[in-house]
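Morning, everyone. Please bring up the sequence and the structure, and I will walk you through a few parts of it.

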Amino acid sequence: MNAPLLSVKGLRTVFDTRAGLVCAVDGVDVEVRRGECLGVVGESGSGKSVTFSSVMGLVRSPGRIDGGEISFDGRDLRKLSPRDMRAVRGKEIAMTMQDALTALNPALTVGEQIAEVLEAHDETLPDGRGARSRAIRDRSIEILSLVGIPSAESRLRQYPHEFSGGMRQRIMIAIALACRPKLLIADEPTTALDVTIQAQVLELITDIREKLGMSVVLITHDLGVVAEHCDRVMVMYAGQVVEEGPTKDVIGQPKHPYTQGLLGSIPRLSLRGQPIRPIEGQVPDLINLPPQCRFYSRCAVRKDVCKSLISMREAGPAHRARCVRVGETSK
């Protein structure tokens, strides 16, 4: 029971483009323990979504997994046949996408979209046609009620465009939870929602996680969300993990200059009148990556040794950072 539910080692995912080979994920190691919530943060293009799309087996040409191991609940996902992987995806690992309006099928009702998942993965459904239909309908109503959709029975017949943004996000979560997965990957679940609805969606995920005992990966760019809802956090930059550890340690005592920069760029009411400190410079070109620290050109505390490749270093109990100054950097 001490083994992690999900273990990824040395994952490398690349995309063939006309300009060259883009290395979107480069040597990523990540573990998700049973029942925990892991926050994954980083700016756009850092490799967050591609990492977990690779885990789900959703990377298609021109993209491909070029190396690494993906183990889930004791099984090597990379060795599964496409048919066996489809049996895992949606049933044992589920993922909610960034934009619910484009992820949901506009031509199918909400009830039909939940029914698709149940038909594909729920082995407890009765065989008789009438009994099976009633069981799917009852289960769909139960799931919509679980995620806080009012009048669930009547709303099964509605289409995605008839719901608000927050309600569509709840429907996405409902579809993902239809078969009570062991792992939920929530990719930017609060994108384009106002702060009140954001809080409701995040509380919903936390409540369901506790009720079902499932693990959650919360992909976001909002460190405030991570600080409030996640047990551990993994910070990604230019396709690599640059810092990971317990949330209170990474947020309270960040060891990598990039993590410090992310925290420093957050507006604070207590510092009213003081300018926000952005991270200067640009993310390196993922086609022509230099053999050095990926953050070198933007780092204010770089040293000559940073011109070489840097590995993860111990920064404390269960806390690691990809920086040669781990022992001296502070918030």
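When I say that one residue touches, meets or covers another, I mean contact, and contact means heavy atoms within 4.5 Å. One caution before we start: this is a predicted model.

Let's begin with helix H7, residues 165-177. What covers its buried residues? The list includes strand S6 (93-96), helix H3 (100-103) and helix H4 (110-121). It also includes helix H5 (129-146), strand S7 (183-187) and H8. H7 is mostly covered, with twelve of its 13 residues buried. Among those buried residues are Gly166, Met167, Arg168, Gln169 and Arg170. The buried set also includes Ile171, Met172, Ile173 and Ala174. Ile175, Ala176 and Leu177 are buried too.

A quick check on the length of H7. Its 13 residues, at 1.5 Å a residue, should span 18 Å. The C-alpha atoms at its ends are 19 Å apart, which agrees.

Now its partner, H8. Two packed helices are described by the angle between their axes and the distance between the axes. H7 packs against helix H8, residues 195-212, at an angle of about 20°, and the axes are 10 Å apart. Angles under 35 degrees count as roughly parallel, so H7 is roughly parallel to H8. The crossing is right-handed.

Which residues of H7 meet H8? Gly166, Gln169, Arg170, Ile173 and Leu177 do. On the H8 side, the residues are Ile197, Gln200, Val201, Leu204, Ile205, Ile208 and Leu212. By type, the contact of H7 with H8 has eight nonpolar residues, three polar and one charged. Keep the helix repeat in mind here. An α-helix has 3.6 residues a turn, so residues three or four places apart point the same way.

Next pair: H4 and H5. These two pack at an angle of about 110°, with 10 Å between their axes. The range from 65 to 115 degrees counts as roughly perpendicular, so that is how H4 lies to H5. Again, the crossing is right-handed. From H4, the contact takes in Val110, Gly111, Ile114, Ala115, Leu118 and Glu119. From H5, it takes in Arg132, Ile136, Arg139, Ser140, Ile143 and Leu144. The contact of H4 with H5 divides into seven nonpolar residues, two polar and three charged.

On to H1, residues 48-55. Six of its eight residues are buried, so H1 is largely enclosed by the rest of the structure. Those buried are Lys48, Thr51, Phe52, Ser53, Ser54 and Val55. After H1 comes glycine 57, with a positive phi near 75°. Further along, look at the peptide bond between serine 61 and proline 62. That bond is cis, with omega about 15°. Proline 62 sits in the loop between H1 and strand S4 (63-72).

Now two alanines. Each has a positive phi in a residue other than glycine: near 50° for alanine 238, and near 60° for alanine 318. Alanine 238 lies in the loop between strand S9 (232-237) and strand S10 (240-246). Alanine 318 lies in the loop between strand S11 (313-316) and strand S12 (319-321). Are they buried or exposed? Alanine 238 has 1% relative accessibility, so it counts as buried. Alanine 318 has 54%, so it counts as exposed.

Two last residues. Aspartate 76 is in strand S5, residues 75-76. At 28% relative accessibility, aspartate 76 counts as partly exposed. Leaving aside neighbours within four places in sequence, aspartate 76 is in contact with Ile70 and Ser71.

Finally, isoleucine 279. This residue is in the loop between helix H11 (257-264) and S11. Not counting residues up to four places away in sequence, isoleucine 279 touches Tyr258, Gly261, Leu262, Phe295 and Arg298. Isoleucine 279 and lysine 255 are 24 residues apart in sequence, and their C-alpha atoms are 16 Å apart in space.

To recap the helix pairs: H7 is roughly parallel to H8, while H4 is roughly perpendicular to H5. That's my tour.

Key:
Residues are numbered from 1 along each chain as its sequence is written. This is a predicted model: local features need pLDDT of at least 70, side-chain atom pairs count only at pLDDT 80 or more; totals for chains, interfaces and linings use all residues. Side-chain values use heavy atoms; hydrogens and water are left out. Axes are lines fitted to C-alpha atoms, for helices over the stretch in contact, and angles run from 0 to 180 degrees between N-to-C directions. Helices (H or I, at least four residues) and strands (E, at least two) are DSSP runs, numbered from the N terminus. Angles under 35 degrees count as roughly parallel, over 145 as roughly antiparallel, 65 to 115 as roughly perpendicular and the rest as oblique. A crossing is left-handed if the near helix is turned anticlockwise from the far one by less than a right angle, and right-handed if clockwise. Ala, Val, Leu, Ile, Met, Phe, Trp, Tyr, Cys and Pro count as nonpolar, Asp, Glu, Lys and Arg as charged, and the others, Gly among them, as polar. The expected span of a helix is 1.5 Å times one less than its number of residues. Buried means under 20% relative accessible area, exposed over 50%, partly exposed in between (1.4 Å probe, protein chains only).
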